[in-house]
Amino acid sequence: METEPSTTEVPDAYFEPLEPLGIKASLERAIHVFRQRWKHLLGISAIPIFLWYITAIGIRNVFAGISASHLENLSFEMGDDYYSYQVQSLHTTLSRLGLVAEFFLFSFLFLPANAANIRTVAGLYAGRDAESIQQTLRAIKPNLPSLGLVCAIWCAVLMLPLIVVALCMAPEGQTQEQQDGIAIYYDPWLSKLVFGLPYLVASSTFMMATCMSYSIITVKGGQAIASLKESSESFKKSWSHIGAVTVLWFLIKIALTKFVEAINWMYYLHEMRFWVVWEYPGIPLHPIRILWSTNSDLWEIGTSWISVPFVVFLAAMGSVFQAMFYLDTRIKQGDCTQDVLRSELGLDEIETDYKTMDDEESDGTPVPWS
């Protein structure tokens, strides 16, 4: 006797329109989704982030070696004494270029995990219990070429302008970037303000407009350029809601990273720039941080292993939001049901034993939007 594939009961509110939920309810839904699949989300995310931390050590050593090979002789007089010394003339420039290299590296290393996390969230929406990591990775494998092209376009659009500006600012040595306090954001003003602020606005808009591209390919399949266009069109229809939720989540990430920095400060007792919100998690929360950096951030950011669990959590939650924005936008437009989603994910073909999940949390508390 054949058995029908079991399904997980998903709260009906998952298939209510997005906008009536409000910003607070959207964040509550994201937290609920994370709680339902936290083992899979954190487990999948931890692997590439661990690899990134290990590989980043090699990148930093390479750029440190290049920096040490470019020396400049300087001298000064103090009274009757004459002093000479050497500085690394490209130290700051190479620090920024190294951060760009780490950004590229992280984006591509985390790509399969990001797609796997998105599929995990979509499976929850479809009423299925989580697949094993092996099943999830096997399911996303056919989409990796398109996902890789989207990632390459995404990185190029965000990073190439920063590379050009960093090269135009060269040479920047060890003594040219010793800012204290807020000077990190405006000195030198021509590059960090005149270029930095328009880049901040343009890059933020681009990231929000294309944030659903990975989800489109992971759920429905398709080509890279088509997914970017579809994501932009969907963003235009819900830009205010997606923008508001994204900004609020960004502020939450800043608060969380400041908490992590406080832990590091108490543990290491050597970091005095406590107010800088992006330092210790290791992955800048926004690409503009690469331009707004000091002469040795490549070798200082992300050196604390205390921060690793928080980095894994932030990366996993980023995947949750990408999936939610896409699925909730489709639900609002009326072209997504559980049956359609199961068909797109190929879950109707899977027969296995599933756990059940109802409209209540594990402690019996109703979910916030039900």
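## Aromatic rings

Ring pairs link Trp52, Tyr53, Phe106 and Phe110 into a cluster, where rings of Phe, Tyr and Trp (its six-membered ring) pair if their centres lie within 6.5 Å, and planes under 30 degrees apart count as stacked, over 60 as edge-to-face and the rest as tilted. The model is predicted, so local features need pLDDT of at least 70 and side-chain atom pairs count only at pLDDT 80 or more, while totals for chains, interfaces and linings use all residues. Residues are numbered from 1 along each chain as its sequence is written, and side-chain values use heavy atoms, with hydrogens and water left out.

The structure holds eight aromatic pairs. One of them is the stacked pair of Phe106 and Phe110, with 5.5 Å centre to centre and 10° between the planes. These two residues are four apart in helix 3 (residues 91–125), and therefore separated by about one helical turn; helices here are DSSP runs (H or I, at least four residues), numbered from the N terminus. Phe106 counts as buried because its relative accessibility is 15%, and buried means under 20% relative accessible area (1.4 Å probe, protein chains only).

The axes of helix 2 (residues 38–68) and helix 12 come within 9 Å and cross at roughly 125°, the axes being lines fitted to C-alpha atoms over the stretch in contact, with angles running from 0 to 180 degrees between N-to-C directions. Residues in helix 2 including Leu41 and Tyr53 meet residues in helix 12, among them Val308 and Val320, where contact means heavy atoms within 4.5 Å.

Technical notes: Buried < 20%, exposed > 50% of the residue type's maximum accessible area, 1.4 Å probe, protein only.
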